[in-house]
Amino acid sequence: MTASVQHLAGHSLKLDSASSPLLAFESFDLPSTNQRILGAPHPPNTVIPLALRPSIHDNAEVSLDTVVDTIKSLQAQDGLLTKKLARHGTLLFRGLPIHNAQDFSKFAHAFGYKPHEIIGIVVDRPLLAPNVAPANEAPKEVLIYNHNESPQVPHAPEYIFFYSHRAPAKGGETPVSSSLELFARAQQEIPEFISELVQKGVLSKVTYKVNKQYEGGSTLRQAFGKEIKDGDNEATRRAKVEAQIARYGRGKHTTWEWVDDDTLVLTHRLPAVRTQPDTKLPTLFTGLASYYKNGQVNKGARKNIVTQLFGDGTPIPERYLAHLAKLTDELRVLHKWQRGDVLVYDNIIAQHGRQPWEGEQEDRVVMASLFDGNVPGAYVDEDWAQVVQALDG
């Protein structure tokens, strides 16, 4: 089969092949509340998210198999969709024949990425289909503010897929924003904060307990206990948990302490400023604004489960966190879900979250699928973080 990719007006993509029907993914505009043009350092007229929908010649029915084959063919063109993700940060696919977790799994796997194994999970994500689990199932009143996925642990996914199985009538939007743009604005407006982050990184303290600490949260066994058996004694359980922690491979830069009642406090020293592969542009890979904003809005047991300090152990001044949240509010859009929508994030350069919604808890059902890539800034050799000194450029 001969295939070619054409770049149409407005960033559209079209796959032509010798077989029929011919399927194209074409771009379309969203309301301004859902989509915006990104500022520096993104190329001019770059939108987030890039919205795509399938179009088939002769009004033929769009089948999932055709969609999957088209995704694979586009990715075979030198990773075309991956490159679009690296430019826009987020892609929206609408109008796909995805109706359940199995369909979603087939679509997500078509991109060819390696499924992500979560080590140190802090939310409960039971498996629904291959590499598919519920997105955060915290109560509908809980705000989950913009963040990169898993910034509080060393092992983060690069690609995140969200599928809307059921959308509420009011609220429940998923925020979309650029970590590249957030860094650029923060460097302009609070350069002293960025300088400290580059030099020190963050010290992330995460608390795990035998029982879940909040609705939708995970237990210690869910986070690190995949090898634990019901008959194991306490010493064996702890040894198995510590063996999972050792898989991070970070030596002295990840430490832990057992406290009362089998509570585990895990401490990671991590970079908050990373660099996008290829472009080497600095990106603010963090949940700092999220921890600040969530703590302000949400009440209850979530507070203090994750504590973020500068890498030298000193507190991060609240004025910097408030400023990050202010910038995030200015830069983000809120994606209003339609049933069947799929959002795909490049986690290195794009942030997501979850807005509260009205109605019943079951009115919003979103599934997630996480995949690995080359997330920069990991622990390498004896250096705590290989980070390009962003302020030098």
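Contact here means heavy atoms within 4.5 Å of each other. The model is a predicted one, so to speak of local features takes a pLDDT of at least 70, while side-chain atom pairs count only at pLDDT 80 or more and totals for chains, interfaces and linings use all residues. Residues are numbered from 1 along each chain as its sequence is written, and side-chain values use heavy atoms, with hydrogens and water left out.

Leaving aside neighbours within four places in sequence, Phe107 is in contact with Val67, Val68, Ile71, Phe93, Leu96, Ile98, Phe161 and Val342. Phe107 also turns up in the largest nonpolar core, a set of 34 residues in which Ile71, Phe93, Phe107, Phe161 and Val342 touch the most other members. Such a core is made of buried (under 20% relative accessible area, 1.4 Å probe, protein chains only) Ala, Val, Leu, Ile, Met, Phe, Trp, Tyr and Cys residues joined through side-chain atoms within 4.5 Å. Helix 1 (residues 64–76) gives the largest share, 5 residues. Another core, of 26 residues, lies apart from that one and includes Phe193, Leu270, Leu321 and Ala325.

Then there is an open sheet: 4 antiparallel strands in the order 10-21-12-19. Helices (H or I, at least four residues) and strands (E, at least two) are DSSP runs numbered from the N terminus, and two strands pair if DSSP finds at least two bridges between them. Strand 10 (144–147) and strand 19 (333–335) sit at the edges, each pairing on one side only. Strand 10 is joined to strand 21 (residues 350–354) by 2 bridges, and Ile144 has Arg354 as its bridge partner in strand 21.

Terms used
Buried means under 20% relative accessible area, exposed over 50%, partly exposed in between (1.4 Å probe, protein chains only).
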